[in-house]
Amino acid sequence: MNIRYGAPAIEESTEEERFRYIKEHFQCLNDCDMCGICAMYHNQDPQLVYRDYIEGRRTFEEITQEYR
């Protein structure tokens, strides 16, 4: 069983694996008061926010720091 904590490193993952991580990690719960994802990313879809990460151009951490 492969347990992963945190976003897959660009050099150790495929684009598909990074896309799947973002899609699973940032699932819409349809309850904005409980979730906060929309507010954190200024109503942008996390798949668009993390496009450079998914495509292997920037790390997950670099992009996340922009929104903190």
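Is glutamate 16 buried or exposed, and what is its relative accessibility? Glutamate 16 counts as exposed because its relative accessibility is 55%, and the cut-off for that class is over 50%. The structure discussed here is a predicted model.

**Nonpolar core**

- The largest nonpolar core consists of 12 residues in all.
- In soluble globular proteins, nonpolar side chains tend to be buried together.
- When its neighbours within four places in sequence are set aside, tyrosine 41 is in contact with Phe26, Pro46, Val49, Tyr50 and Tyr67.

- The whole structure contains 5 salt bridges.
- One of them joins the side chains of arginine 20 and glutamate 16, with an N to O distance of 3.6 Å.
- Both residues of this pair lie in helix 1, where they are 4 residues apart, or about one turn of the helix.
- Arginine 20 is partly exposed because its relative accessible area is 38%, whereas glutamate 16 is exposed at 55%.
- Side chains of opposite charge can pair when their charged atoms come close.

**Salt bridges around aspartate 52**

- The side chain of aspartate 52 meets that of arginine 57 in a salt bridge, at 2.7 Å from N to O.
- Aspartate 52 has a relative accessibility of 22% and therefore counts as partly exposed, while arginine 57, at 52%, counts as exposed.
- Aspartate 52 also forms a salt bridge with arginine 58, at 3.7 Å from N to O.
- Arginine 58 has a relative accessible area of 24%, so this residue is partly exposed.
- Through salt bridges that share partners, Asp52, Glu55, Arg57, Arg58 and Glu66 are joined into one network.

- Most residues other than glycine have a negative phi.
- Histidine 42 is not a glycine, yet its phi is positive, near 50°.
- Asparagine 43, which is likewise not a glycine, has a positive phi of about 60°.
- Histidine 42 is found in the loop between helix 3 (37–40) and helix 4 (46–49), and asparagine 43 lies in the loop between these helices.
- Histidine 42 is exposed because its relative accessible area is 55%.
- Asparagine 43 is exposed as well, with a relative accessible area of 68%.

- Lysine 23 is located in helix 1.
- Its relative accessibility is 48%, so lysine 23 counts as partly exposed; the exposed class requires a value over 50%.

Methods
Residues are numbered from 1 along each chain as its sequence is written. This is a predicted model: local features need pLDDT of at least 70, side-chain atom pairs count only at pLDDT 80 or more; totals for chains, interfaces and linings use all residues. Side-chain values use heavy atoms; hydrogens and water are left out. A nonpolar core is a set of buried Ala, Val, Leu, Ile, Met, Phe, Trp, Tyr and Cys residues joined through side-chain atoms within 4.5 Å. Buried means under 20% relative accessible area, exposed over 50%, partly exposed in between (1.4 Å probe, protein chains only). Contact means heavy atoms within 4.5 Å. Helices (H or I, at least four residues) and strands (E, at least two) are DSSP runs, numbered from the N terminus. A salt bridge is a side-chain nitrogen of Lys or Arg within 4 Å of a carboxyl oxygen of Asp or Glu.
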